[in-house]
Amino acid sequence: MKKVLIFLLTVLLLLGLTACGSGEEADLSNQVITRTDKEESSAGTDSETEETEDSDVETSADAAADAFSFEIDGVTLTPGAALDLTVLPDASSVYTVESCAVEGTDNVYTYDAFEVTAYDDGSGEVIYSIYLTDPNITTAEGLALGDDLNRVTELYGSDYAENDTAVVYTKGDTQLSIILQDEVVISIEYLLVL
């Protein structure tokens with residue numbers, strides 16, 4: 001019971017840190033140590049950009065292949081992609097915070113197992129981050145809250161940036177940020193790199 005209470009308090013603290021005031025994402029890029037293993041990450045493969053006959057436009061499938069995406073109930077959410085609220089269930093709450101992505105505000109949509117933060121780019125809402133909140137759901141590769149560092153490297157490889165508490169994998173313009181406490185995953189967040 002005590003471990004569950006500590007876990008819930010940690011999750012609540014981390015939810016508070018996802019707002020811009022924490023500055024963790026910005027500081028991380030300046031303080032990272034890059035580890036590279038000769039093994040390729042099971043999730044990291046290069047994909048070629050398909051070209052249309054008239055232009056060099058990436059298809060949405062190619063954009064998703066070169067990005068970390070979260071999948072739930074047949075819906076794929078990718079940082080940097082348009083947010084389509086019609087394919088998601090009704091959010092249990094929606095609130096506005098100062099934007100980390102652009103000047104202005106972000107909308108934060110809370111669902112049973114995850115939270116989506118989006119900003120308005122002038123043509124609609126764009127996904128900035130997806131934060132997992134339920135230990136019963138996993139990333140597309142199979143990582144869940146409560147897994148250990150060995151499971152992280154088993155699924156994603158050893159080519160990551162790290163700071164005191166997080167390992168960060170980068171794919172295209174997205175990051176998968178995994179915060180660990182005593183080598184146990186306590187936070188999983190997908191982020192758009194701007």
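Is Ser 99 buried or exposed? With a relative accessibility of 9%, Ser 99 counts as buried. Buried means under 20% relative accessible area, exposed means over 50%, and partly exposed is in between, using a 1.4 Å probe and protein chains only. The side chain of Ser 99 also makes a polar contact of 2.7 Å with the side chain of Asp 106. A polar contact is a pair of N or O atoms within 3.5 Å; within protein, one must be able to donate a hydrogen and the other to accept it, and residues adjacent in sequence count only if both atoms are side-chain atoms.

A word on what we are looking at. This is a predicted model, in which local features need pLDDT of at least 70 and side-chain atom pairs count only at pLDDT 80 or more, while totals for chains, interfaces and linings use all residues. Residues are numbered from 1 along each chain as its sequence is written, and side-chain values use heavy atoms, with hydrogens and water left out.

How confident is the predictor? pLDDT is its confidence in each residue, from 0 to 100. The protein averages 76, and 67% of the residues score at least 70. Residues 1-19 stay under 50, and there the model has 17 contacts beyond four places in sequence. Residues 21-61 are below 50 as well, with 45 contacts beyond near neighbours in sequence. By contact I mean heavy atoms within 4.5 Å. Where pLDDT is low, the predicted coordinates should not be read in detail.

Now the overall picture. The protein has four helices and eleven strands, and 38% of its 194 residues count as buried.

What sits in the middle? The largest nonpolar core has 32 residues, and those with the most contacts inside it include Phe 70, Phe 114 and Ile 130. A nonpolar core is a set of buried Ala, Val, Leu, Ile, Met, Phe, Trp, Tyr and Cys residues joined through side-chain atoms within 4.5 Å. Several elements supply at least two residues each, among them strand 6 (114-120), strand 7 (125-132) and strand 11 (184-192). Which element gives the largest share of this core? That is helix 4, with four residues. Apart from this core lies another one of six residues, including Val 126 and Leu 191.

Let's zoom in on strand 7, where eight of its eight residues are buried. Strand 7 pairs with strand 6 in the antiparallel sense, over seven bridges. Strand 7 also pairs with strand 11, again antiparallel, over four bridges. Two strands pair if DSSP finds at least two bridges between them. Take Ile 130 in strand 7: Val 116 stands opposite Ile 130, and in strand 11 the bridge partner of Ile 130 is Tyr 190. Leaving aside neighbours within four places in sequence, Ile 130 is in contact with residues including Phe 70, Leu 77, Phe 114 and Ile 188.

Next, some backbone angles. Most residues other than glycine have a negative phi, and most peptide bonds are trans. Asp 73, however, has a positive phi of about 50 degrees. Asp 73 is in the loop between strand 2 and strand 3 and is exposed, at 76% relative accessibility. Asp 182 has a positive phi too, of about 55 degrees. Asp 182 lies in the loop between strand 10 and strand 11, and at 73% relative accessibility Asp 182 is exposed.

Last stop: how many salt bridges does the structure hold? One. Glu 154 forms it with Arg 151, with the closest N and O atoms 2.7 Å apart. A salt bridge is a side-chain nitrogen of Lys or Arg within 4 Å of a carboxyl oxygen of Asp or Glu. Why are the two about one helical turn apart? Because they are three residues apart in helix 4 (residues 149-156). Glu 154 is exposed at 54% relative accessibility, whereas Arg 151 is partly exposed at 27%.

Conventions:
pLDDT = per-residue confidence, 0-100.
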